[in-house]
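Hello,

Here is the structure I promised to pass on to you. Have a look at it first, and then read on for what turned up.

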Amino acid sequence: MFCAKVKEFLSQNKIEFTDRNIAADQAALDELEKLGYMTTPVTVIDGQVVVGFDRDKLQKRLKTG
């Protein structure tokens, strides 16, 4: 549910992103674990992590209105 909200937010703001499915992509799961997380969504913006759908943090990191 929150993954869809993040993707919708990014799409509405015309932000390009790479969608990685940890259930189907072992490398994506390994990367998530290396970041120290076992929950989704995790959005990495310029090396900074936003966990879950946090509109305020996403806007701040992306500098969108």
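A word on naming before the findings: helices (H or I, at least four residues) and strands (E, at least two) are DSSP runs, numbered from the N terminus. Please also keep in mind that this is a predicted model.

Is threonine 43 buried or exposed? Its relative accessibility is 11%, and buried means under 20%, so threonine 43 counts as buried. Setting aside neighbours within four places in sequence, threonine 43 is in contact with Val6, Gln48, Val49, Val50 and Leu58.

Now the overall picture. The protein chain has three helices and two strands, and along the sequence they follow the pattern α-α-β-β-α. The radius of gyration is 12 Å, close to the 11 Å that the globule rule gives for 65 residues, so the chain is as compact as a globular protein of that length. Along the principal axes, the C-alpha atoms fill a box of roughly 35 × 20 × 20 Å. Of the 65 residues, 22% are buried. If you take the contacts between residues at least 6 apart in sequence, 33% of them join residues at least 24 apart.

Next, the core. Which residues form the largest nonpolar core? There are six: Val6, Phe9, Leu10, Ile45, Val50 and Leu58. Helix H1 gives the most to this core, with three residues. Val6, Val50 and Leu58 from that set are also among the contacts of threonine 43. Valine 50 itself touches Pro41, Val42, Thr43, Lys57, Leu58 and Arg61, again without counting residues up to four places away in sequence.

The peptide bond that joins threonine 40 and proline 41 is cis, with omega at about 0°. Proline 41 sits in the loop between H2 and S1.

Lysine 14, in the loop between H1 and H2, has a positive phi of about 55° although it is not a glycine. Lysine 14 has 75% relative accessibility, and exposed means over 50%, so this residue counts as exposed. Aspartate 46 lies in the loop between S1 and strand S2 (48–51), and its phi is also positive, near 50°, again in a residue other than glycine. Aspartate 46 is exposed as well, because its relative accessible area is 76%.

Finally, the largest pocket. About 670 Å³ of space lies in it. Of the 24 residues that line this pocket, those closest to its centre are Thr18, Asp19, Arg20, Val42 and Thr43. The elements that give two or more residues to the lining are helix H1 (2–12), helix H2 (26–35) and strand S1 (42–45). What kinds of residue make up the lining? They divide into 14 nonpolar, four polar and six charged. This brings us back to threonine 43, which is one of the residues closest to the centre of the pocket and also touches Val50, a member of the largest nonpolar core.

Enjoy looking around the model, and do write back with any thoughts.

Best wishes

Definitions and conventions:
Residues numbered from 1 in each chain as written. Predicted model: local features only at pLDDT ≥ 70, side-chain atom pairs only at ≥ 80, totals over all residues. Heavy atoms only, no water. 1 Å grid on protein atoms, 1.4 Å probe; cavity = no way out; pocket = protein on both sides within 12 Å on 5 of 7 lines; lining within 4 Å. Points joined across faces, edges and corners; volume = space filled by probe spheres on them. Nonpolar A, V, L, I, M, F, W, Y, C, P; charged D, E, K, R; others polar. Core = buried A, V, L, I, M, F, W, Y, C linked by side-chain atoms within 4.5 Å. Buried < 20%, exposed > 50% of the residue type's maximum accessible area, 1.4 Å probe, protein only. Contact = heavy atoms within 4.5 Å. Rg over C-alpha atoms; globule rule 2.2 N^0.38 Å.
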